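Student: I am new to this structure and would like to work through it by question and answer. May we begin?

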Amino acid sequence: MTSYISTRGDRTEFSGARAIIQGLAPDKGLFVPTGIPRISYDFSGAGDAASGGSGADGVTGGGSGAGDAAGGAGAPRETGGASRPCTPYRDVAYRVMRAFFGDFSDDDLHLCVDGAYNSDNFDSPDISPLAKTERAFLLELYHGRTAAFKDMALSILPYLLTTAVRMENEDRKIVILTATSGDTGKAALEGFADVGGTEIFVFYPKDGVSEIQERQMVTQGGANTHVYAIEGNFDDAQRAVKAIFGDRDYEAGLEAGGYRLSSANSINIGRLVPQVAYYYFAYVRLVERGEIRPGDGINVVVPTGNFGNILAAWYARAAGLPISRLICASNENRVLTDLIETGVYDANRRFILTSSPSMDILISSNLERLLWHLSGGDSGEIAGYMRSLESDGRYEVSGRVREGMAEFLRGGSADMARSHAAIGDLWRSERYLMDTHTAVAYSVYRDYADATGDQTPTVVASTASAYKFADRVAGAIGLGAESDGFAYIDALHTATGVDVPRGLRGLRDKAIRHRGVVTAEQMPDAIRTALG
Ligand SMILES: *Cc1c(COP(=O)(O)O)cnc(C)c1O
């Protein structure tokens, strides 16, 4: 059974349930699976997604990337796939979750998956529908309540966490701390609002989120929700959250009051594993539609901020999904592009506010996990990188890590001018509307494909509804100026006819409930005061 250990040297092995409750490892490292399960992408058989089958075929060290389930290879190419019923998202999610969280019972996992991925929470029966454009497939991950891809994991995390609390007989109240660059916050609030045994705190950069994102958060209902703007950027918020986790005295104080800290950020392994599922789902759909044959390689392009989404794609690859290249797309804050090109991670640069705010990040936390895996689990090496990042803001990766990355990882960045142009191009040529984050990925992919001639079928992770960034998207397709974010939503809807997501309708008239503004230094006190 897969267990979890820290990236930084603590050798204690934690169950999946424990790792989810803790959020961060005791030595402030991140939890990583000790072995990566192999997961079949062949759902054509009698459905081992039902309980009792063997979706996870044992444990490997991971990283090979070669599929083990090419049973259908050589079969006649299907077109349209109408003859065979489509595999439901829930079956795929269940199989992936069971492979990583073997300590959960089958019944519990079914309850978690069914509770999260349904028509109450998602406005598409496919949960994450796969759209086809001329150049690439767009995996629309934004059909959940808050219209961004964070819903894919945060709709299930509350179920996983409350199940884990029961499994572990945890009797303290769980206090969930969340730093957000805009989308995680609302998705976490929506997921945890009024969930018994939890209090949820969200900290967002005061001037670093879109008007719609902010309004979504400050209007959040629920007796256990706490939302603060912080004077600073996302990195400041994330650093402060991690510092609270590392502060033993502070933690002891909370524990004496009957509280235990956890996190809804993608530093929590319970955020990452559910995200592995949609890469499998995309692959299964491509096969079902006859776009690829089982075993064919695909490329995946991910608009990246904290490196969670792309890491989930890497876990999918390591678990056996045939992903040839992973393309890491950045906006002007191109730390990761530079790392991939030079082997040096250097956060010593100006933090740039862009039209893709959820990617405005200089310290991408989850990269630590990939480095750990590529270093062969060398926690001394990883701890060294992280010390050097803290003291000097930079580190250089080893030759082994660099070679490991070169095997599958490509990077690129697109600035606002290029990504907005891509939104306009795709709208005019194919009447397909992208948001600003997806547009960064799409532009980077366009550059990559033009430069390399790589014809591999490619999936671009589409991470938000265009309406969350309606002002920028409206500008990109040539619409005029409006008075506020809501007027932009109306104008965009009138011009395009694209449905406005459920969660954004009616937002204009919702009462503002959260008005707190704090500095990063004041966060610990704000939490204590709110808990009383
Ligand atoms: C969070 C987010 C990203 C970045 O994802 P990471 O997992 O942090 O790399 C990209 N686009 C949108 C819309 C997001 O909300």
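Student: Which residues come nearest to the ligand?

Tutor: This is a predicted model, in which local features need pLDDT of at least 70, side-chain atom pairs count only at pLDDT 80 or more, and totals for chains, interfaces and linings use all residues. Residues are numbered from 1 along each chain as its sequence is written, and side-chain values use heavy atoms, with hydrogens and water left out. A residue is near a molecule if one of its heavy atoms lies within 4 Å of it. Of the 15 residues around the ligand, the nearest are K150, D183, G305, N306 and N309.

Student: How far is a polar side-chain atom of K150 from an oxygen atom of the ligand?

Tutor: A polar contact is a pair of N or O atoms within 3.5 Å. A polar backbone atom of F307 lies 3.0 Å from an oxygen atom of the ligand, and one of G308 lies 3.2 Å from a ligand oxygen atom. For the polar side-chain atom of K150, the distance to a ligand oxygen atom is 2.6 Å.

Student: Is C328 buried or exposed?

Tutor: Buried means under 20% relative accessible area and exposed over 50%, with a 1.4 Å probe and protein chains only. The relative accessibility of C328 is 0%, so C328 is buried.

Terms used. A polar contact is a pair of N or O atoms within 3.5 Å; within protein, one must be able to donate a hydrogen and the other to accept it, and residues adjacent in sequence count only if both atoms are side-chain atoms.
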